[in-house]
Amino acid sequence: MSLDWNRHLREQLDWHWRVHFRPRLEGLTDEEYLWEPAPGAWNVRPRGTGTTGMAAGGGDFTIDWEMPEPSPPPVTTIAWRLGHLIVGVLGVRNAAHFGAGPTDYLTHVYAGTAAGALTQLDDAYHTWSKGVASLGEDGLHRPVGPAEGGFAEEPMATLVLHINREMIHHGAEILLLRDLFRSR
């Protein structure tokens, strides 16, 4: 029996996106988006008000971060997690593999509102989904190349599986933060 691995890989993430994750982001308020669930939480903040030495961003808002990441890592907000998905998980890969414009943590224009971040997330997700579909079966076997650093020789299927894990993992964290905000 032959399997359409491209379809199965896409459906795994798409089911999570359509049924679980994206519907539960409806109604996200700016207060929730920026809510800090613990002291010292990393967030997206107006330029010049960051709490870390390496706040980054190309617009009116920056994202808190440090390199190397502290151990243990800080608690992060919904805004920070969405920024991570938009830039580090999807955006960088869309640029490297599917012809999207370049993006990185230092120059990305972070959204100061929940609605703005959700628009960015939707755009990044749809670009990724279309890009993975365009790979077909053969494209899943090709090496990811130098954009993925030490993983350059790994097949695209490995990257697609990694992005699925990242989206599901961080999506669940974001939804938990919404639950905590609602029950505080």
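Phe98 is buried, at 18% relative accessible area. The model is predicted. A search of the whole structure gives five aromatic pairs and 12 salt bridges. The largest nonpolar core holds 45 residues.

**Aromatic pairs**

- Five aromatic pairs turn up in the whole structure. One of them is Trp17 with Tyr125, a stacked pair.
- Trp17 is buried, at 6% relative accessibility. Tyr125 is buried too, with a relative accessible area of 3%.
- Phe98 and Trp128 make an edge-to-face pair, because their planes stand at 70 degrees and the cut-off for that class is over 60. Their ring centres are 5.5 Å apart.
- Phe98 sits in helix 3 (residues 78-98) and Trp128 in helix 4, so the pair joins parts that are 30 residues apart in sequence.
- Phe98, at 18% relative accessible area, is buried, because the limit for that class is under 20%. Trp128 has 1% relative accessibility and is also buried.
- Trp17 and Tyr125 also belong to an aromatic cluster, together with Phe21.

**Charge over a ring**

- Arg184 lies over the face of Phe181. The distance to the ring centre is 3.8 Å.

**Nonpolar core**

- Seven names stand out among the 45 residues of the largest nonpolar core: Phe21, Tyr33, Leu82, Leu90, Leu121, Trp128 and Met167 touch the most other members.
- At least two core residues come from each of helix 1, helix 3, helix 4 and helix 5.
- Helix 3 is the top contributor to this core, giving 10 residues.
- In soluble globular proteins, nonpolar side chains tend to be buried together.
- Phe21 is in the cluster with Trp17 and Tyr125. Trp128 is in the pair with Phe98.

**Salt bridges**

- The search of the whole structure finds 12 salt bridges. Among them are the ones below.
- Arg178 and Glu32 meet through their side chains at 2.8 Å, N to O. The bridge links distant parts of the chain, with Arg178 in helix 5 (residues 156-182) and Glu32 in helix 2 (residues 30-34). They are 146 residues apart. Both residues are buried.
- Glu26 and Arg22 form a salt bridge at 3.0 Å, N to O. Glu26 is exposed, with a relative accessible area of 54%, whereas Arg22 is buried at 13%.
- Arg22 and Glu26 are also part of a salt-bridge network that includes Asp122.
- Glu36 bridges to Arg45, with the closest N and O atoms 2.8 Å apart. Glu36 is partly exposed, at 34% relative accessible area. Arg45 is buried, at 10% relative accessibility.

**Cis peptide bonds**

- The bond from Met67 to Pro68 is cis, and its omega is near -5 degrees. Pro68 is in the loop between strand 2 (61-63) and helix 3.
- The bond from Ser71 to Pro72 is cis as well, with omega near 0 degrees. Pro72 is likewise found in the loop between strand 2 and helix 3.

**Surface patch**

- Met1, Leu3 and Trp5 make up a nonpolar patch on the surface. Together they have about 430 Å² of accessible area.
- Leu3 is in the segment before helix 1. Leu3 is partly exposed, with 38% relative accessible area.

How values were computed. Residues are numbered from 1 along each chain as its sequence is written. This is a predicted model: local features need pLDDT of at least 70, side-chain atom pairs count only at pLDDT 80 or more; totals for chains, interfaces and linings use all residues. Side-chain values use heavy atoms; hydrogens and water are left out. Rings of Phe, Tyr and Trp (its six-membered ring) pair if their centres lie within 6.5 Å; planes under 30 degrees apart count as stacked, over 60 as edge-to-face and the rest as tilted. Buried means under 20% relative accessible area, exposed over 50%, partly exposed in between (1.4 Å probe, protein chains only). Helices (H or I, at least four residues) and strands (E, at least two) are DSSP runs, numbered from the N terminus. A charge sits over a ring if NZ of Lys or CZ of Arg is within 6 Å of the ring centre and within 35 degrees of the ring normal. Patches are made of residues with over 30% relative accessible area and no salt bridge: like charges are joined within 9 Å, nonpolar side chains (Val, Leu, Ile, Met, Phe, Trp, Tyr) within 5 Å. Accessible areas come from the Shrake-Rupley method with a 1.4 Å probe; for residues, only the protein chains shown count as cover. A salt bridge is a side-chain nitrogen of Lys or Arg within 4 Å of a carboxyl oxygen of Asp or Glu. A nonpolar core is a set of buried Ala, Val, Leu, Ile, Met, Phe, Trp, Tyr and Cys residues joined through side-chain atoms within 4.5 Å.
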